[in-house]
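Here are a few exercises to work through with the model open beside you. Try each one before reading its solution.

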Amino acid sequence: MASSRQPLVAVTLGDPAGIGPEIVVKALGEADLYEVSRPLVIGDRGVLERAARAVGRKPSLNVVTRPGDGRFEPGTIDLLDLANVDLASLQWGQVQAQAGRAAFDYMRTAIDLALRGEIDAIATAPINKEALQQGGVPFLDHTAMLAKLTNSPDVLTMFVVGRLVIFFMARHMSLRQACDEVTADNVCTTLVKANAAMARFGQPAARFGVAALNPHAGEHGIFGDEEIAEIGPGVERARAAGVDAIGPVPGDAVFHQCLQGRFDAVLSLHHDQGHIAAKTYDFERTISITTGMPFVRASVDHGTAFDIAGKGIASAVGMAESIRVAARYSALLAEHGRKPVSSS
């Protein structure tokens, strides 16, 4: 049984028509999770039971009304049941308005609990952006929800996979738009935020490698001048603000150098630059953390996989890892970020 001193991690089911419920059930079958955390599922009982049947599991469900009432022991899934899905009309692997609304309800509930101090961290299963839109949800993704609902304007996405830590300057936009975001101001501002995040997790003197945009870091302007005109000056401004940053470093080298220990973290300039590096290194254990909030949110970095939803074959490696990472970084935040871990 988990100790009350371990972080209480809310595990949201994600889109109920996707693989989220299945991988949550599978992940919570790993007994070692209860040695490092107190996981509490936020979702719908019918959805969870259907997922358990799909993966061939028969866990005991303990439905609670308060997070602290969970048993937190292997073989039992503690559930805060929102009862917000019409199971008769929910179709596996389909974009559906009710699924988008349900996924948002799970997340909103988890955020409210975290802000009230009833849970310590959130680990999220994947949501579907199209389903959110069909359901009238006014947010594009988890990060937008978290920024608005926690009143946190300085959130960043941070990837953790083994020794590799990656922050992102631009994410969910076209590559053309992302290139336009490469300005000295944005580079500097993102580095300062990333530096603050690392300090809150116990690394106040983190070393950053800043990825270049162009091949060979522009080759002194031959392949583009963003490195000279924007990235380099942005790095210098950040250094003047106290950030230990080096760059621009060629994008085909900087992630390897981080793995080798030259850097503690890398600033990726756009979505795929960092995603490709992390997922090539270890696809299933690439975990996304949202920083700059009063609590930690960790997530798998894959989608709802509608094509295999309901078949019971989705891997839960990432979901289990996201719960471990949420617990670990919540404890770090409690120790270094002056946020107490609840014992409710």
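**Exercise 1.** Find which residues lie nearest the centre of the largest pocket, then work out what lines it.

*Solution.* Start at the middle: T143, V155, L156, M169 and R171 lie nearest the centre, out of 21 lining residues. A pocket here is an open set of points on a 1 Å grid over the protein atoms alone, where a 1.4 Å probe fits, with protein on both sides within 12 Å along at least five of seven lines; lining residues have an atom within 4 Å of a point. Keep in mind that this is a predicted model, where local features need pLDDT of at least 70, side-chain atom pairs count only at pLDDT 80 or more, and totals for chains, interfaces and linings use all residues. Residues are numbered from 1 along each chain as its sequence is written, and side-chain values use heavy atoms, with hydrogens and water left out.

Next, the elements: α6 (142-149), β6 (156-161) and α8 (184-200) each give two or more residues to this lining. Helices (H or I, at least four residues) and strands (E, at least two) are DSSP runs, numbered from the N terminus. The largest share, four residues, comes from α8.

Finally, sort by class: ten nonpolar, seven polar and four charged residues. The space comes to about 520 Å³.

**Exercise 2.** Now do likewise for the second largest pocket: which residues are closest to its centre?

*Solution.* The volume of this second largest pocket is about 320 Å³. Closest to its centre are K129, R171, H172, D301 and H302, among 20 lining residues. Two or more residues each come from α6, α11 (271-282) and β12 (296-300).

**Exercise 3.** Pick out the polar partners of the R324 side chain.

*Solution.* First place R324: it's in helix α12 (residues 317-336). Then list its contacts (heavy atoms within 4.5 Å). Leaving aside neighbours within four places in sequence, R324 touches E30, D32, L33 and V36. Last, look for polar contacts (N or O atom pairs within 3.5 Å; within protein, one must be able to donate a hydrogen and the other to accept it, and residues adjacent in sequence count only if both atoms are side-chain atoms). The R324 side chain makes one with the side chain of E30 at 2.6 Å, and another with the side chain of D32 at 3.0 Å.

Note on methods
Grid points are joined across faces, edges and corners, and a volume is the space filled by probe spheres set on the points. Ala, Val, Leu, Ile, Met, Phe, Trp, Tyr, Cys and Pro count as nonpolar, Asp, Glu, Lys and Arg as charged, and the others, Gly among them, as polar.
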